[in-house]
Amino acid sequence: MPTPKMPTRRLFDLDILAATFEQAVALLGEAALRRDGRAQVVVTPNVDHVVRLERAPDFKRRYAQADFLFADGMPLVWASRLLGAPLPERVTGADLFTALCRQAQAHGWRVGLLGGMPGQQALLAERFAQHYPGLDIAIRCPSMQFDAHGPEGQQAAQWARELDADILFVCLGMPKQENWSLHHAASLRGGILLCVGAAMEFAVGLQKRAPRRVQAAGLEWLWRLLGNPRRLWRRYLVDDPRFLLLCWRQWRAGRRRAKGGE
């Protein structure tokens, strides 16, 4: 459930934290050090997530149970303002990844990474050493057949329990990363599980991120599409435009509630 320390905005049936980026980093830094018998799960919904969640109501109910939900992307922030539930700014998984790695560097926190391609551990360890010297990080790269609830998912959970990281980045892609994190969080002593998809690839230079001006203009999706059109064309050109319909539905529902209140 959302932390009581920060107000939320109800958008697309999700309670998204109305936090600035600095506030988000501070909240997660505090949560990383807690050991109260359960890890806390962090998700960063974006347009693609909202569209996919609408088509998977059971998964959406589980997703909504995450402890921290931050809006990843300017379209969600713009929608929040148009719908009368304004968010102060976007809080992306890619930016959280970098900021929390730097926090961990500075304070000696233990970090884990569950993700990457099979056999990529050595490469990732080298990249982290280059970008975050001295970072205490353990890396586990699962197979392409990773099942959150299957034997490999259980083995990953046992690895996570033994590691007892303050911060565990779960970069398996949606919905694997959320399903694994939400299923196994209760079996960990504490810390935070961040479901941040491709953020790791940006953070260690395996992929180039859009320039800041492109990000600020809300066009990071276009940058990614142009960089990998064969993989992403359907997501951005066929599936994600449905977001406009979902915005209209929420706006209409809000109008109905307002009239009912009158």
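Trainee: Hi! Which way do strand 7 and strand 8 pair, and over how many bridges?
Mentor: Strand 7 (residues 167–171) pairs with strand 8 in the parallel sense, over four bridges. Keep in mind that this is a predicted model.

Trainee: Noted. Which residue is the bridge partner of V170 in strand 8?
Mentor: That's C195.

Trainee: And what links the two strands?
Mentor: Helix 8 (residues 176–184) sits between them in the unit: strand 7, helix 8 and strand 8 make a right-handed β-α-β unit.

Trainee: What about strand 3, how does it join strand 8?
Mentor: Strand 3 (residues 40–43) runs parallel to strand 8, and four bridges join them.

Trainee: Which way do the strand 8 side chains point, and are they buried or exposed?
Mentor: I192 and L194 point one way, L193 and C195 the other way, and all are buried.

Trainee: Let's zoom out. What's the strand order in the sheet?
Mentor: The order is 4-3-8-7-5-6, in an open sheet of six strands with parallel pairing. Strand 4 (68–69) and strand 6 (136–140) are the edge strands, each pairing on one side only.

Trainee: How many bridges does strand 6 share with strand 5?
Mentor: Five, again in the parallel sense, with strand 5 covering residues 110–115. As one example of facing residues, V111 stands opposite I137 in strand 6.

Trainee: Which helix packs on the sheet there?
Mentor: Helix 6 (residues 121–131) does, touching strand 5 and strand 6. The direction of helix 6 makes about 155° with that of strand 6.

Trainee: Changing topic: where does S80 lie?
Mentor: S80 is in helix 4, which spans residues 74–82.

Trainee: Is it buried or exposed?
Mentor: S80 is buried, because its relative accessible area is 0%, and the cut-off for buried is under 20%.

Trainee: Why would residues three places apart point the same way in a helix?
Mentor: An α-helix has 3.6 residues a turn, so residues three or four places apart point the same way.

Trainee: Which other residues of helix 4 are buried?
Mentor: Besides S80, the buried residues are M74, L76, V77 and A79.

Trainee: Last one: which residue with positive phi follows helix 4?
Mentor: G84, with phi near 80°.

Key. Residues are numbered from 1 along each chain as its sequence is written. This is a predicted model: local features need pLDDT of at least 70, side-chain atom pairs count only at pLDDT 80 or more; totals for chains, interfaces and linings use all residues. Side-chain values use heavy atoms; hydrogens and water are left out. Buried means under 20% relative accessible area, exposed over 50%, partly exposed in between (1.4 Å probe, protein chains only). Two strands pair if DSSP finds at least two bridges between them. Contact means heavy atoms within 4.5 Å. Axes are lines fitted to C-alpha atoms, for helices over the stretch in contact, and angles run from 0 to 180 degrees between N-to-C directions. A crossover is right-handed if, with the strands pointing away from the viewer, the path from the first strand over the helix to the second runs clockwise.
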